[in-house]
Amino acid sequence: MRTNDIFALGLGLTPPWQVLSQRLDTEKTPHELHLDLGADRGATYPCPTCGRNCKAHDFEEFIWRHLNFFQHHCYLTARVPRVTCPKHGTRRIVVPWARPGSNFTLLFEQVVMILAREMPVATVASFVGTTDKRLWRVINHYVAEAMKRVDLSRLKAFGLDETACKRGQRYVTIFIDLDREDRPVIFATEGKGKQTVQLFREHIISKGGHPNRVLEVVSDMSGSFIAAVEEHFPQADLTVDWFHVVQLFTTAVDEVRKAESKERALPKGTRWGVLKGCETAKTQTQAEALQEIESEAFATAVAYRIKEQLRWVRRAETHQAAKWRSTNFLKYARDLVADELLLAPVAKAIRTFEKHLERILFRWCSWHTNARLEGLNGLFQAARARARGYRNVANFITMIYLIAAPIGDLIVK
Ligand SMILES: [Zn+2]
């Protein structure tokens, strides 16, 4: 067997294609192996549209990066014909080893997609020896293709949340299917608020789904989300995720702490001591700080106590019990914050809680677990890390899909 035949076999070449020659370029670092592909003169090629074998009209040379051959970078070169099909006219043929327009072979892209599922794109780029900018083009392509195959025709319940692509700028809103245990992300789009919900509705329709079949939506307490869900998903009950209730009060506690620290010195360890729940293990310093702010009557201690009292509401077993506990919680909290200027952020959180109470309580009637949106935070962090170095909104969304969308086979032959 000749060397060229071995290469042809390794590349999976089918007639009329064959390896015409090979050349190792040792001037370059790393060395480059160039394989020149071609066909016999007078060979016929299938029309890209109908598959009919046609004669070549003219040729143009193309180069593709292929998998490394041992430590050498490997390139394929071929003169690719345009054929003249009696039905479809003069068309460039599609070569069996690469997709149209790509500078990489299919096998190379396949390896890239496998690696991109496991590590940051910048790491994949240095591993295979190319730029991450080029790899993003490949990854964006395959992920977008795979997302087209996601079926939303039976979607009944979804959750949504927003996150910043970079700290404090360019928001992305993510939609998850609440009935999917694993890889629940079904849509993500730039922006936050009303318009993203409308875009999602259009997306569902384009994927064979029906907005009126959606019976439950879980979100945070943002007014624009709520109004948009009511408008675009009229059949859906809206539940406010418990995670966002806790977040609301946690943020308020932190604001109180910051404001109070400007007036009097808080003991070391206060910040994390009050941010952690009473069920989370604390360091000795944090535990002592909590005791001290309590006995010294700091406003931060009151804010912390209110936040922790929420757990009592959360532990209610029925909707009725939760309703009763909420009423008591509100009374208890309102009394504590009354007339205390430093506790204004908590007073505001209490008003928000009260305003959304019905939707918050709906979680006790819902058949979906409410831990889902909380889990998204970890996903956002992972996606940011994996898209590092070359992060824009499109890449960030691609990475979220790659990590958490229901896309199994990324390469379809
Ligand atoms: Zn044709």
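This briefing describes selected local features of the structure above.

The structure is a predicted model, in which local features need pLDDT of at least 70, side-chain atom pairs count only at pLDDT 80 or more, and totals for chains, interfaces and linings use all residues. Residues are numbered from 1 along each chain as its sequence is written, and side-chain values use heavy atoms, with hydrogens and water left out.

**Zinc site**

- The zinc ion has Cys47 (SG), Cys50 (SG), Cys85 (SG) and His88 (ND1) as its protein donors, at 2.1 to 2.4 Å. Donors are N, O and S atoms within 2.8 Å of the metal (3.2 Å for Na, K and Ca); water is not among the atoms, so sites may look incomplete.
- The site is tetrahedral, with angles of 104 to 115° among the four donor atoms; four donors count as tetrahedral if all angles lie between 85 and 135 degrees.
- Along the chain, the donors of the zinc ion have the spacing C-x2-C-x34-C-x2-H.
- Cys47 is buried at 3% relative accessibility, whereas Cys50 is partly exposed at 40%. Buried means under 20% relative accessible area, exposed over 50%, and partly exposed in between, with a 1.4 Å probe and protein chains only.

**Helix 2 and its surroundings**

- Helices (H or I, at least four residues) and strands (E, at least two) are DSSP runs, numbered from the N terminus.
- Helix 2 (residues 106-116) and helix 4 (residues 132-148) have axes that come within 10 Å and cross at roughly 85°. Axes are lines fitted to C-alpha atoms, for helices over the stretch in contact, and angles run from 0 to 180 degrees between N-to-C directions.
- Helix 2 and helix 4 are therefore roughly perpendicular to each other, a term for angles of 65 to 115 degrees.
- On the side of helix 2 the contact is made by Leu106, Phe108, Glu109, Val112, Met113 and Ala116, and on the side of helix 4 by Leu135, Val138, Ile139, Tyr142 and Val143. Contact means heavy atoms within 4.5 Å.
- Ten residues of this contact are nonpolar, none is polar and one is charged. Ala, Val, Leu, Ile, Met, Phe, Trp, Tyr, Cys and Pro count as nonpolar, Asp, Glu, Lys and Arg as charged, and the others, Gly among them, as polar.
- The buried residues of helix 2 are Leu106, Phe108, Glu109, Val112, Met113, Leu115 and Ala116. Their cover includes strand 4 (53-69), helix 3, helix 4, helix 14 (372-386) and helix 15 (393-404).

**Two single residues**

- Thr130 is in the loop between helix 3 (121-128) and helix 4, and is buried at 16% relative accessible area. Leaving aside residues up to four places away in sequence, Thr130 touches Arg65, Phe104, Ala125 and Leu135.
- Leu24 belongs to strand 1 (residues 18-25) and is partly exposed, at 42%. With the exclusion of residues up to four places away in sequence, Leu24 touches His31, Glu32, Leu33 and His72.

**Backbone features**

- Most residues other than glycine have a negative phi, and most peptide bonds are trans.
- The peptide bond from Pro15 to Pro16 is cis, with omega near 10°; Pro16 is in the loop between helix 1 (3-11) and strand 1.
- Another cis bond runs from Thr29 to Pro30, with omega near -10°.
- Ala297 has a positive phi, near 55°, and is exposed at 61% relative accessibility.
- Asp339 has a positive phi near 60° and is exposed at 86%.

How values were computed. Parallel < 35°, antiparallel > 145°, perpendicular 65-115°, else oblique. Tetrahedral: all angles 85-135°; square planar, octahedral: opposite > 155°, others 65-115°.
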